[in-house]
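Welcome! Try each task before you read the solution.

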Amino acid sequence: MAKLEGETPVFSEDRVRALVEPHRHERGPLIEVLHAVQADFGYVDKRAVAVIADELNLSRAEVHGVVTYYRDFRSEPPASSVVRLCRAEACQSMGAEALVAQACEKLGVRVGERTPDGRVELDQAFCFGNCALAPSVTVDGRLYGRLDAGHLDALLEAL
Amino acid sequence: MTATVYVPRDSSARSVGADEVAGEIARLAGERDLDLTVVRNGSRGMLWLEPLVEVASSRGRVGYGPVTPGDVDELLAAGLTEGADHRLSLGLVEEIPYLARQERLTFSRVGVTDPLSTEDYEEHGGLAGLRKALAMEPAAVVDEVLKSGLRGRGGAGFPAGVKWSTVLATPTPDVKFVCCNADEGDSGTFADRMLMEGDPFLLIEGMTIAGLAVGATEGFLYIRSEYPDAVATMRTAIEIAHIRGWLGPSVLESGRAFQLSVRVGAGSYVCGEEMAMLESLEGRRGVVRAKPPLPAHAGLFGRPTVVNNVLTLAAVPWILINGAAAYQALGTGRSRGTQVFQLAGNIARGGVVELPFGGSLAELVNDFGGGTRTGRPVRAVQVGGPLGSYLPASALDIEMNYEAFAAASAMIGHGGIVVFDDTVDMARQARFAMEFCAEESCGKCTPCRVGAVRGVEVIDKIIAGEEAAANLELLKDLCDLMVDGSLCAMGGLTPMPVRSVLSHFIDDFHLGEDGQVRPGGQTG
């Protein structure tokens, strides 16, 4: 299952089956399997749904239902960078909404959208558990606290 | 002699540069040929001081903070390794009033030890609770937890011992389970995260004791995906515990089995509700189940299951070591022991404060927290997460216990305290409560799924002054319906913050200008 850093593997049924294998004998393994597939491919391809259903003896509807229920699972490849601003109460109390507006303007997108060149996706989150050092953002999974307008600008420019 | 320097690995500390500080200390120590080792400890929970660097000295641990990478050269030159004086020096860490005034039972090791060192863990009293439990009859362990008065720290406050004794008494054809709910999704709460990152073996020990007590041989720890550091730390700790024989087919060579594994959530807030969490653990959509059956009778995969929060299970080793009476001696009324409060939001000194139940909210917000970070007056404090009430500044003398909060139409919940200054628009906060419910509802109950969307619309109309009086009535009616018609706390408690805004902050709806409702009008 070796892959080069930052490279998304080409979809293959065999690769999905190999990803299911270590979880096959776990109890209720579907979500673990979906995490594994997404970690490998970057998303859960529609074609993977049928393979996973077959491997775990579930209906395609059950697998599809789980993929679409949880916000973490994507059905399309992600942008090269994902910016997630926290909009929960603790971050609101420290000006999160102004930072969301700033990011929207700077990137020219709304929350949930990606830039026209497809490189950056702006997303929201409800709490990273960094509420004493609010407001918070993650950039490609890395958490930054005590965010202010200048720092957010610098982070977005570095993308 | 090798100097030991501590730089936290806690994700909050990392979010403000702890990794860079640790890297710079190692690099410059190498350049200067200094004999030092860097230990990545948990955080002491004084988060406004992060990155908080400590050095072991003959007097005790001396702290410096907040430290930036740019300060490191100067700190080393000033004699950091000897605990020398410096403008960033905080003196002896354990004498800092914020820490010295706390009573840390559950958090006693967090920030002190290397979280993944089994030697550190045992040297600081780890495993003593488990050893004691192994020498007792399971029913005696359950009885001890029952007598301690320990209540569920996840929010609902249900007596842990009652759950445990039900699971102990329920027969099973094969297995029973212990599930730890680490889906800490409430804004303003981070104690579960800090404990998992800072003292993972304590949670393992607590879960193992629970397993032995009720006859469960398998445990699951359900951690939200927003906590990648906690996931990594717990996975490593569980692996180490299996290798050491603390977990596995024969726990501490007792011949009794307990296996433990981590499951990662996938971004659903409602999975913090125990019935939705069980669905998720079974690999399904996180849709709430109706009760009965209770999880204690038919929980995970239909088997008798203990479901407890991280802090509930982490309190158990202390109770076994020190006895139920010692735990029972702390606290007030029916709220026994300590609660790990979390100071968050617009607060000067945010962090973790573990105290016996019984102090006041004002003491936490003002004495510990130092008021707002912006320096403006406190206007509102939300306690207990997104489903908790907003309390006005005039109500901060409320005592910190379950009953006092219930009497004030509020809840302590998981102990999260989010402070807002006087620039907050409380009508927007009421709207957000509904918006959040609309975003996160699992969809099972119509009053929650549809009601939350209608709630946003109705609040928008009131804010816009469209038939404000009639829409205010409609909003109150909707709140009643959501409370009465929802299976779980998502729909059932979303009205709590909304109603608290109507009770305490009605002026923010700017009613009365059209003559329909007077400011501060009849909205109780």
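**Exercise 1. Into which classes do the residues lining the largest pocket divide, and which element gives the largest share?**

Step 1. The lining of the largest pocket divides into 15 nonpolar, 13 polar and 19 charged residues. Here Ala, Val, Leu, Ile, Met, Phe, Trp, Tyr, Cys and Pro count as nonpolar, Asp, Glu, Lys and Arg as charged, and the others, Gly among them, as polar.

Step 2. Before going on, a word on the source: this is a predicted model, in which local features need pLDDT of at least 70 and side-chain atom pairs count only at pLDDT 80 or more, while totals for chains, interfaces and linings use all residues. Residues are numbered from 1 along each chain as its sequence is written, chains are lettered from A and ligands numbered from 1 in the order in which they are written, and side-chain values use heavy atoms, with hydrogens and water left out.

Step 3. Recall what a pocket is. On a 1 Å grid over the protein atoms alone, a pocket is an open set of points with protein on both sides within 12 Å along at least five of seven lines, whereas a cavity is a set of points where a 1.4 Å probe fits but cannot get out; lining residues have an atom within 4 Å of a point.

Step 4. The largest pocket has 47 lining residues, and those nearest its centre are Gln38(A), Arg74(A), Arg84(A), Asp140(A) and Gly141(A). Elements of both chains give two or more residues to this lining, including β1 (81-86) of chain A and α11 (228-244) of chain B. Helices (H or I, at least four residues) and strands (E, at least two) are DSSP runs, numbered from the N terminus.

Step 5. The largest share, five residues, comes from α2(A). As for volume, the largest pocket has about 1500 Å³, where grid points are joined across faces, edges and corners and a volume is the space filled by probe spheres set on the points.

**Exercise 2. Describe the second largest pocket by its volume and lining.**

Step 1. This pocket holds about 950 Å³ of space.

Step 2. Its lining counts 42 residues, with Gly154(B), Gly155(B), Ala156(B), Gly272(B) and Glu274(B) nearest the centre.

Step 3. By class there are 17 nonpolar, 16 polar and nine charged residues in the lining. Strand β9(B) gives the largest share, five residues.

**Exercise 3. Is Gln382(B) buried or exposed, and what does its side chain reach?**

Step 1. Find Gln382(B) in strand β14 (residues 378-383) of chain B.

Step 2. Gln382(B) has a relative accessible area of 2%, so it is buried (buried means under 20% relative accessible area, exposed over 50%, partly exposed in between, with a 1.4 Å probe and protein chains only).

Step 3. Its side chain reaches the backbone oxygen of Gly385(B) at 3.1 Å. The side chains of Gln382(B) and Tyr390(B) are joined by a polar contact of 3.5 Å. A polar contact is a pair of N or O atoms within 3.5 Å; within protein, one must be able to donate a hydrogen and the other to accept it, and residues adjacent in sequence count only if both atoms are side-chain atoms.

Step 4. Leaving out residues up to four places away in sequence, Gln382(B) touches, among others, Glu89(A), Phe420(B) and Pro497(B); contact means heavy atoms within 4.5 Å.

**Exercise 4. Which residues does Ala315(B) touch?**

Step 1. Ala315(B) belongs to helix α14 (residues 310-322) of chain B, and it is buried, with a relative accessible area of 2%.

Step 2. Not counting residues up to four places away in sequence, Ala315(B) touches Thr106(B), Leu150(B) and Tyr327(B).
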